[in-house]
Amino acid sequence: MDATTNIQVALATRTFRFDNVPPVSAPVTPGVDTAYRTLPAGLAGTSVDAVTTVASVKLSIYSENEPVGPRYFSGSAFDSVSEVWLPIQPSDLYPSSWTYASGLFGWTDTRHYVVKSSATDSIGNVQSGLGRSRFLFDITEPVSGVLDPLNAAVYGRVKPRGGNS
């Protein structure tokens with residue numbers, strides 16, 4: 001009611017959704033704490049948001065065992081001392097997953113790698129705890145042998161056996 005006693009007949013309302021919950025993403029391929037002899041051409045993961053949609057995902061790929069010390073993948077090689085975040089292209093971002101392909105990874109035998117992901121939703125909330133996967137790339141054949149008992153030796157009583165692998 002205003003000063004002249006006019007009363008508003010039509011009421012105005014607005015509906016909105018409040019979103020302060022960050023999205024969640026995580027690498028799926030490669031798996032957590034897994035060893036690989038071969039890897040698919042690309043990386044893949046999940047990304048979800050409870051209220052809105054995931055607008056973007058970015059990745060960081062870290063090689064723990066480079067000869068010159070740990071390095072990040074810069075998009076073309078493991079040559080960066082500083083962390084590099086690589087964006088997932090919109091065409092590789094799906095409603096609940098993402099993929100990232102590069103023919104330049106150059107996985108090296110007996111090295112450990114860490115893939116991290118971070119998502120941002122359509123409101124601008126940024127993932128608080130990073131998704132993480134550490135894996136080993138290993139194409140070296142295992143070697144094993146028997147050290148004891150000696151080959152073709154004869155023993156008078158039972159002897160414990162030992163070996164290595």
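This is a predicted model: local features need pLDDT of at least 70, side-chain atom pairs count only at pLDDT 80 or more; totals for chains, interfaces and linings use all residues.
Colleague: How many salt bridges does the structure hold?

Modeller: A salt bridge is a side-chain nitrogen of Lys or Arg within 4 Å of a carboxyl oxygen of Asp or Glu. The structure holds four. One of them joins the side chains of Arg-37 and Glu-141, with 2.9 Å from N to O. Arg-37 is in the loop between β2 (34-36) and β3 (42-48), and Glu-141 is in the loop between β10 (131-137) and β11 (145-148), so the two are 104 residues apart.

Colleague: Which residue meets Glu-64 in a salt bridge?

Modeller: Arg-134 does, with 2.9 Å from N to O between the side chains. Glu-64 lies in the loop between β4 (54-63) and β5 (71-73) and Arg-134 lies in strand β10, so the pair ties together parts that are 70 residues apart in sequence. Glu-64 is partly exposed, with a relative accessible area of 24%, and Arg-134 is partly exposed at 26%.

Colleague: What about Arg-111 and Glu-66?

Modeller: Their side chains meet in a salt bridge of 3.1 Å, N to O. Arg-111 lies in strand β9 (residues 111-121) and Glu-66 in the loop between β4 and β5, so this pair ties together parts that are 45 residues apart in sequence. Both Arg-111 and Glu-66 are buried.

Colleague: How many residues does the largest nonpolar core have?

Modeller: A nonpolar core is a set of buried Ala, Val, Leu, Ile, Met, Phe, Trp, Tyr and Cys residues joined through side-chain atoms within 4.5 Å. The largest one here has 20 residues, and those with the most contacts inside it are Leu-43, Ile-61, Trp-98, Tyr-100 and Trp-107. Two or more residues come from each of β4, β8 (97-101), β9 and β10. The largest share, four residues, comes from β4.

Colleague: Which residues does Tyr-100 touch?

Modeller: Contact means heavy atoms within 4.5 Å. Leaving out residues up to four places away in sequence, Tyr-100 touches Gly-42, Leu-43, Leu-59, Phe-73, Leu-86, Pro-87, Ile-88 and Phe-105.

Colleague: Where does Thr-140 lie?

Modeller: Thr-140 lies in the loop between β10 and β11, and it counts as partly exposed because its relative accessibility is 41%. Its C-alpha atom is separated by 8.3 Å from that of Arg-37, although the two residues are 103 residues apart along the chain. Neighbours within four places aside, Thr-140 is in contact with Asp-109 and Thr-110. A polar contact of 2.3 Å joins the side chains of Thr-140 and Asp-109. A polar contact is a pair of N or O atoms within 3.5 Å; within protein, one must be able to donate a hydrogen and the other to accept it, and residues adjacent in sequence count only if both atoms are side-chain atoms.

Colleague: Which strands pair with β4?

Modeller: Strands of a sheet pair through backbone hydrogen bonds, either parallel or antiparallel. Two strands pair if DSSP finds at least two bridges between them. Nine bridges join β4 to β9, and these strands run antiparallel. Here Ser-63 stands opposite Tyr-113 in β9. Two bridges join β4 to strand β7 (residues 86-87) in the antiparallel sense, with Lys-58 opposite Pro-87. β4 and β5 also pair antiparallel over two bridges, and the partner of Ser-63 in β5 is Arg-71.

Colleague: In what order do the strands of the open sheet stand?

Modeller: The order is β1-β3-β8, with antiparallel pairing. β1 (24-29) and β8 are the edge strands, each pairing on one side only. Five bridges join β1 to β3, and Ala-26 stands opposite Thr-46 in β3.

Notes: Residues are numbered from 1 along each chain as its sequence is written. Side-chain values use heavy atoms; hydrogens and water are left out. Buried means under 20% relative accessible area, exposed over 50%, partly exposed in between (1.4 Å probe, protein chains only).
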